[in-house]
Amino acid sequence: MIESYPRGTHIQYHQQKLTLLYSAMRHYSADLKKRKFNTLYHHLTDSPAQGDYTTVLAKWIDQHRIREIHLLEPNEYDALHSLPALSKKLGVPIHSHPSPQFLVPRAEFATWASGKKHLLMETHYRRLRTERNILMTPQGQPEGGDWNLDDQNRRTFREFAKEKPKVPPLPPPVKDPIVQEVAADVSKLFPQHPGQAANLWVPTTREGALDWLKLFLRQRLEKFGPWEDTMVDGETILFHSVLSPLLNLGLLTPLECIQGAEKAYRDGKAPLNSVEGFIRQILGWREFIHGIYWLKMPEYREVNFLGADRPLPKWAYTGETEMRCVSQAIHGAVDHAYNHHIQRLMVLGNYFLLGGYEPKAVLRWYTEMYLDAYDWVMVPNVLGMILFADGGFFATKPYAAGAAYQDKMGNHCASCRFDPKKKDGPDACPFHSLYWNFFGQHAKLFGKNPRIGMMVKIWEKKPSAEQKEIRQRAQRFLDAQ
């Protein structure tokens, strides 16, 4: 096992992400040694400059007369396609094996997708539930009669404030000598990377991950569905599971998360809308996004359907912006290496989309900032879902929203210096002008889109003087960021 310092510097990965990764590796190595496996391990501090994979492997091959290498299929396109050249350079064959981290093999997804001009997650999700008998009745119908219970899972902040559901606290991080040792190494070797390594707050072992899953199923799954789209100032987690970092690292498998949630429903401990919403995120979106990545790479990284070219704003790594919703999301990423999906998509992603920020720069930011960020996750999510940079291969419309959405789904506006009710003037929420400016810029592209064509018609009916003022106001704001 190799903790590669050069690999850790490819981009400025969040310090907590590196701490999670290396801590999990060291724990796993220690577990293997306890079970009497022979292990070879290269630490970050073992000649960092010479810690690239090829150099370390070549040394071990020579020292231990290694004849072949076996590994799980890499989940990164570049890593997988570098194996033949690496094998040739090292002089030993490299064999890859299917990973247990996904339910749908890459070839199966490619077969399903073959010949389709556009792919819909919903179709993929229903197929998997049927074929794998997940949340289905004995008669082969979806539990409750509906495949999708999203209409029960979009409750607003006003409803949240009225009901005041109690949010259970997360357990405090376990004082772990291995994690503390890794955090010290990471903070020393990667001082310019975002975040604080010592503040890692998620488990780093298989046992800890299972306990984390059980705690979610017991304490937060029940209320996850209704409030999964809600944003509360100062609440980073709410009822979300924060299982994606553990799934993507391999400390949990998707099936055990799905089966745990379904059992909670069967045992009467969680309502169907929460369980269906949770299973949809794993069986639906996670598997779908993984399939899209392998289907569309490597060309997918180059997409830029909207011709966006703006560099990242100055506050992307500090959160020092007067927009409260954006600031809170950035601080969540910096402090915890985590945001839930609405903050990622409808706050930060919405801003980057409306502002015309360059896709590769946005992709780099998302990959740097999150505990669960890996190439297969971020490439399709950021480029396809958030930025609509692929022109709608699987997202049927760009996820653009104005100030009303932020005001409806969260309470950040109450303490923001901008007013979501004002459409012009110095106190108007910038999302107003950014939203309409976006549709003005791309009216020809979206005029015939059945889901958002109406927005283009509304824009075109605005007087030309109002259109000009909106464009100028949006441009002034973006130029100042």
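Ala337 is buried, with a relative accessible area of 0%; buried means under 20% relative accessible area, exposed over 50%, and partly exposed in between, with a 1.4 Å probe and protein chains only. This is a predicted model, in which local features need pLDDT of at least 70, side-chain atom pairs count only at pLDDT 80 or more, and totals for chains, interfaces and linings use all residues. Residues are numbered from 1 along each chain as its sequence is written, and side-chain values use heavy atoms, with hydrogens and water left out.

**The loop between α15 and α16**

- Ala337 is found in the loop between α15 and α16; helices (H or I, at least four residues) and strands (E, at least two) are DSSP runs, numbered from the N terminus.
- The phi of Ala337 is near 55°, a positive value in a residue other than glycine.
- Most residues other than glycine have a negative phi, and most peptide bonds are trans.
- Asn339 lies in the loop between α15 (324-336) and α16 (341-354).
- Asn339 counts as buried because its relative accessibility is 1%.
- The side chain of Asn339 makes a polar contact with the side chain of Tyr370, at 2.7 Å; a polar contact is a pair of N or O atoms within 3.5 Å, where within protein one must be able to donate a hydrogen and the other to accept it, and residues adjacent in sequence count only if both atoms are side-chain atoms.
- A polar atom of the Asn339 side chain also lies 3.0 Å from the backbone oxygen of Ala329.
- Not counting residues up to four places away in sequence, Asn339 touches Ala329, Gly332, Ala333, Arg344, Leu348 and Tyr370; contact means heavy atoms within 4.5 Å.

- Helix α2 (residues 15-34) has 20 residues and should span 28 Å at 1.5 Å a residue, which agrees with its end C-alpha atoms being 28 Å apart; the expected span is 1.5 Å times one less than the number of residues.
- Of the 20 residues of α2, 14 are buried, so the helix is mostly covered.
- Lys36, which follows α2, has a positive phi near 70°.
- Leu44 lies in the loop between α2 and α3 (53-64) and is buried, with a relative accessible area of 1%.
- Leaving aside neighbours within four places in sequence, Leu44 is in contact with residues including Glu3, Tyr22, Arg26, Asp185 and Phe190.
- Leu44 and Gly8 are 36 residues apart in sequence and 9.5 Å apart in space, C-alpha to C-alpha.
- Ala49 lies in the loop between α2 and α3 and is exposed, with a relative accessible area of 59%.

**Helices α7 and α14**

- The axes of helix α7 (residues 121-132) and helix α14 (residues 272-296) come within 9 Å and cross at roughly 110°; axes are lines fitted to C-alpha atoms, for helices over the stretch in contact, and angles run from 0 to 180 degrees between N-to-C directions.
- That makes α7 roughly perpendicular to α14, a term for angles of 65 to 115 degrees, while under 35 counts as roughly parallel, over 145 as roughly antiparallel and the rest as oblique.
- Residues making the contact include Tyr125 and Leu128 of α7 and Ile279 and Trp285 of α14.

**Other loops**

- A cis peptide bond joins Met297 and Pro298, with omega about 5°; Pro298 lies in the loop between α14 and α15.
- Lys164, in the loop between α8 (157-163) and α9 (177-189), is exposed, with a relative accessible area of 64%.
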